[in-house]
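Here are my notes for your review. They run point by point, with the structure open beside them.

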Amino acid sequence: MTATTWNTDRPWRGIMVATTLPFRDDLSVDHDAYAEHVAWLIANGCDGVVPNGSLGEYQTLTDAERAQVVRTAVAAAGDGARVMPGVAAYGSAESRRWAEQAAEAGAGSVLLLPPNAYRAEPAAVRAHYSEVAKAGVPIVAYNNPIDTKVDLTPDLLARLHRDGSIVAVKEFSGDVRRAYEIGELAPELDLLIGADDVLLELAVAGAVGWIAGYPNAFPTSCAELYHAAVAGDLATAVPLYKSLHSLLRWDSKTEFVQSIKLSMDIAGRRGGPTRAPRHPLTGAIEAGVRTATEKAVADGHR
């Protein structure tokens with residue numbers, strides 16, 4: 001078993017898909033369709049799922065809906081260790097409650113943003129992760145300074161790891177140079193690819209997992225790309241990456257939720273609508289996503 005392969009000891013490794021959430025036409029959650037999607041992803045080469053992330057529109061869900069999404073994912077995955085729910089919330093106590101709910105449902109790990117109601121200083125960030133860690137489930141930190149305005153720098157990540165609060169980090173800053181500094185300061189902290197369009201660069205730098213967006217539409221090709229990249233098989237990985245990159249970069253744009261759902265629709269899966277305040281794509285943005293997706297389909301990606 002390689003270091004980059006999913007296993008129950010470190011269930012945050014491998015390809016963990018940040019799942020989209022299917023809504024019916026009336027925008028109610030279609031839990032049956034979600035269960036089918038989770039099972040389909042795992043059957044097509046993905047290792048697990050991350051429900052209730054931004055791609056899953058968790059901010060628009062009621063508490064009851066959010067809790068049921070986790071239970072649905074655990075049941076559909078066949079092994080709760082394959083599920084890493086997002087537990088972000090404005091307050092640390094609320095994030096801890098979501099982590100406890102995930103643990104009760106049988107999830108193997110959770111994904112946690114830093115405090116994002118304000119630009120929290122390092123001491124507050126450390127206290128936040130320490131509080132949520134009391135739930136007793138392994139925590140993957142999520143560094144997204146673009147949207148949260150709180151930067152989990154390599155030094156701060158090393159402190160969080162020494163505190164015993166986190167086991168891994170989803171690195172979404174886009175600065176691939178950080179991978180090497182994280183490896184120097186916290187060599188036992190697992191680095192997970194956090195943005196689809198830096199997959200190859202972070203895999204080469206030592207990432208052992210990918211919290212992924214575009215496998216929602218093209219799981220088989222994305223799995224082939226990931227495994228080639230982390231194995232150092234550049235002869236396979238580079239052409240695949242080039243072929244998919246015009247699509248993968250939409251994962252890092254503001255409209256990533258609508259983009260991935262539209263790609264799913266074009267690829268033969270049901271992405272469907274998003275809840276407000278997100279609106280359907282129009283104009284040049286819609287055309288860009290459509291062109292990139294149709295190219296991927298034409299290139300035989302699946």
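1. Arg290 forms a salt bridge with Glu286, and the closest N and O atoms are 3.2 Å apart. Both residues sit in helix H12, four positions apart, so about one helical turn separates Arg290 from Glu286. Neither end is fully covered. Arg290 counts as partly exposed because its relative accessibility is 31%. Glu286 is partly exposed too, with a relative accessible area of 25%. Please keep in mind that this is a predicted model.

2. H12 covers residues 283-298 and packs against H10. The angle between the two is about 150°, and their axes lie 8 Å apart. How are H10 and H12 oriented to each other, roughly parallel or roughly antiparallel? Angles over 145 degrees count as roughly antiparallel. H10 and H12 therefore run roughly antiparallel to each other. Their crossing is left-handed.

3. Helix H10 spans residues 234-248, and Leu234 lies in it. Leu234 belongs to a nonpolar surface patch, together with Tyr180 and Val204. The three residues have about 290 Å² of accessible area together. Which class does Leu234 fall into? With a relative accessible area of 40%, Leu234 is partly exposed.

4. The structure holds 17 salt bridges. Side chains of opposite charge can pair when their charged atoms come close. Asp175 meets Arg177 in a salt bridge, at 2.9 Å from N to O. Asp175 also meets Arg178, at 4.0 Å from N to O. The cut-off matters for the second pair, because a salt bridge requires the nitrogen within 4 Å of the carboxyl oxygen. I would read that 4.0 Å figure with the definition in hand.

5. Which of them is buried? Arg178 counts as buried, because its relative accessibility is 14% and buried means under 20%. Arg177 is exposed, with a relative accessible area of 64%. Asp175 is partly exposed, at 24%.

6. There is also a linked set of charges. Arg96, Glu100, Glu131 and Lys134 are joined in a network of salt bridges. Please look at these four side chains together.

7. Now the backbone. Which peptide bond is cis? The bond from Ala276 to Pro277 is cis, with omega near 15°. Pro277 is placed in the loop between helix H11 (256-267) and H12.

8. Two non-glycine residues deserve a look for phi. Leu27 has a positive phi of about 70°. Asn52 has a positive phi as well, near 60°. Leu27 lies in the loop between strand S1 (14-18) and helix H1 (31-43). Asn52 is found in the loop between strand S2 (48-50) and helix H2 (63-77). Asn52 counts as buried, at 3% relative accessibility.

9. Leu27 and Thr274 are 247 residues apart in sequence. In space they are 7.7 Å apart, C-alpha to C-alpha.

10. One last pair of positions. Asn143 is placed in strand S4, which covers residues 139-143. How accessible is Asn143? Asn143 is buried, with a relative accessible area of 0%. Asn143 and Val132 are eleven residues apart in sequence. Their C-alpha atoms are 16 Å apart in space.

Definitions and conventions
Residues are numbered from 1 along each chain as its sequence is written. This is a predicted model: local features need pLDDT of at least 70, side-chain atom pairs count only at pLDDT 80 or more; totals for chains, interfaces and linings use all residues. Side-chain values use heavy atoms; hydrogens and water are left out. Patches are made of residues with over 30% relative accessible area and no salt bridge: like charges are joined within 9 Å, nonpolar side chains (Val, Leu, Ile, Met, Phe, Trp, Tyr) within 5 Å. Accessible areas come from the Shrake-Rupley method with a 1.4 Å probe; for residues, only the protein chains shown count as cover. Buried means under 20% relative accessible area, exposed over 50%, partly exposed in between (1.4 Å probe, protein chains only). Axes are lines fitted to C-alpha atoms, for helices over the stretch in contact, and angles run from 0 to 180 degrees between N-to-C directions. Angles under 35 degrees count as roughly parallel, over 145 as roughly antiparallel, 65 to 115 as roughly perpendicular and the rest as oblique. A crossing is left-handed if the near helix is turned anticlockwise from the far one by less than a right angle, and right-handed if clockwise.
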